[in-house]
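Me: I would like to learn how to read a few backbone and sheet features in a model such as this one. Could we go through them one at a time?

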Amino acid sequence: MPFAYFTNDQKLRASEVDLEHFLLSQGEELIRSGPEKRLKRDHSVTIRGNGWYDHAIKEGGGPVSFVQRFYSLSYPEAMSMLLNGEKGQPFQKAEPKQEKPRPPFQLPPAHSDMRRVYAYLMQQRFISRDVLSEFARAGLIYEDAEHHNAVFVGNDEHGVARHAHKRSVNSTGKTFRVNVEGCLPQYSFHWTGISDCLYVFEAPIDMLSFLTLYPKDWQKHSYVALCGTSDNALLWVLEQNPQVKKVALCLDHDPAGIEACGQHIETLQERGYSQVIMLQSQHKDWNEDLKALHGLDAIPAQEHPQLIVRDQVCSHVLEKIPRADGSQAAKNIPNILTRYKDHVYHGRYSQAMDCMELASALALAAAKREQHQIGKEISGEQLVQSLTQNIKPHKNRSILKGRLRQISADLRNIVARSAGSHTAEEKMQTASAWLDLATSCAMVPVKYAADKLIQQQKQAQEQAQAPPSMELAM
């Protein structure tokens, strides 16, 4: 996009756009989360007024940075979008934030007994009495006096309660679950053992269900329920327990849980934890596994759409490698990207995705060539295997528009790098950069195919839920 000058007034108006109003106008779906809203397609992102925060990557900002990141637009494009092209009605201005002081944390008063909580967790959730009693004796689970909710307590390093998660125990009506006001997220519900293993869950009941399913010597290990997917409590538990070397991520078996696991794995590896695994329930979560074990209908697991289509896209890339000339990659990829842009402009998305698969194959061929020049031979199958492993859903969340700019920039950087690439180490680094470019290109058709699959699943669900036709057969 050519240079565009924006006045101070325009910059101010763009920075004050109400993101909720803006996103609804773009067809996005939002869900309430306390005083904030969350993106339905990405639960880690919260919106409030003209501010946003991505809890997965711990970054946030205002409307301009939001549009740049989540719509993959340049600064001028983001400004133009927020200013509505200076045509028609501008987007609604956000109301000034009125920050409320954090209320002091206080545990809800306890009831004289735990009969309702025990009945609910044992009879409806099938939690083991032995497991439940262990937490109750430690004061980590109790029944509140006012509404008979189950309260799951999180203590700090001195044994002082700093967090509490309340959950209704009624068998009918809407489920109620909320963190007590004023609690600190890093002290979420947890158990500290003596071994080098830590197990991580989304919800307290998931954690208790896992212990019921796998009770042998469970007290020796450490466990934490994040009460969501943020890593605040996970990182705090690790800081307090330097003996922990192995981390098992046991989050929900659904797209949100899979993305959160991917992000946590990266965070932990950056902090030096090399023994990190994903443990997935057979159904949606560990309590659904317990329900199935007792003969009840259980919510099925939901695979991430990108993981479903990823292998097929990568197989297409593999098929294209034999006719891809790695020595001409830097010259031919820009032409392919131009064709991609033209296909997208005219709505020829299938042909556009073919272009990105071919660009990915060319980049892999270039990586193979760099390694061949230093005597390291690698097959196309091995390259595609690396490509498949590099495509991670939590890194492929932004919409397709605007991907072209970043891919073109990465290509220019590779060309500049390879010009002075002579030593074996330098050539390996260039090969790695080509692999990263191949990943960026392949992620485009993966995202497109996954979005298409989601739409098909949604349409099938709507048709299944539609009332039967009342028309008489003729």
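Me: In which loop is the place of Asp217?

Reply: Bear in mind that this is a predicted model. Asp217 lies in the loop between α7 (204–213) and β12 (222–225), and although this residue is not a glycine, its phi is positive, at about 50°.

Me: Is Asp217 buried or exposed, or does it fall in between?

Reply: Burial is read from the relative accessible area, where under 20% counts as buried and over 50% as exposed. Asp217, with 39%, is therefore partly exposed.

Me: In what order do the strands of the open sheet run?

Reply: To read a sheet, follow the pairing from strand to strand. Here four strands form an open sheet in the order β6-β7-β8-β9, with antiparallel pairing. Because β6 (141–143) and β9 (177–179) are at the edges and have a single partner strand each, one side of each has no neighbour in the sheet. From one strand to the next, the twist averages 25°.

Me: How many bridges join β7 and β8?

Reply: Strand β7 (residues 150–155) pairs with strand β8 (residues 161–167) in the antiparallel sense over six bridges, and Phe152 stands opposite His165 in β8.

Me: Which helix packs on the sheet?

Reply: Helix α5 (residues 115–124) does so, touching β6, β7 and β8, and its direction makes about 120° with that of β6.

Methods: Residues numbered from 1 in each chain as written. Predicted model: local features only at pLDDT ≥ 70, side-chain atom pairs only at ≥ 80, totals over all residues. Heavy atoms only, no water. Pairing = 2+ DSSP bridges. Helix = DSSP H or I, 4+ residues; strand = E, 2+ residues; numbered from the N terminus. Axes fitted to C-alpha atoms, helices over the stretch in contact; angles between N-to-C directions. Contact = heavy atoms within 4.5 Å. Buried < 20%, exposed > 50% of the residue type's maximum accessible area, 1.4 Å probe, protein only.
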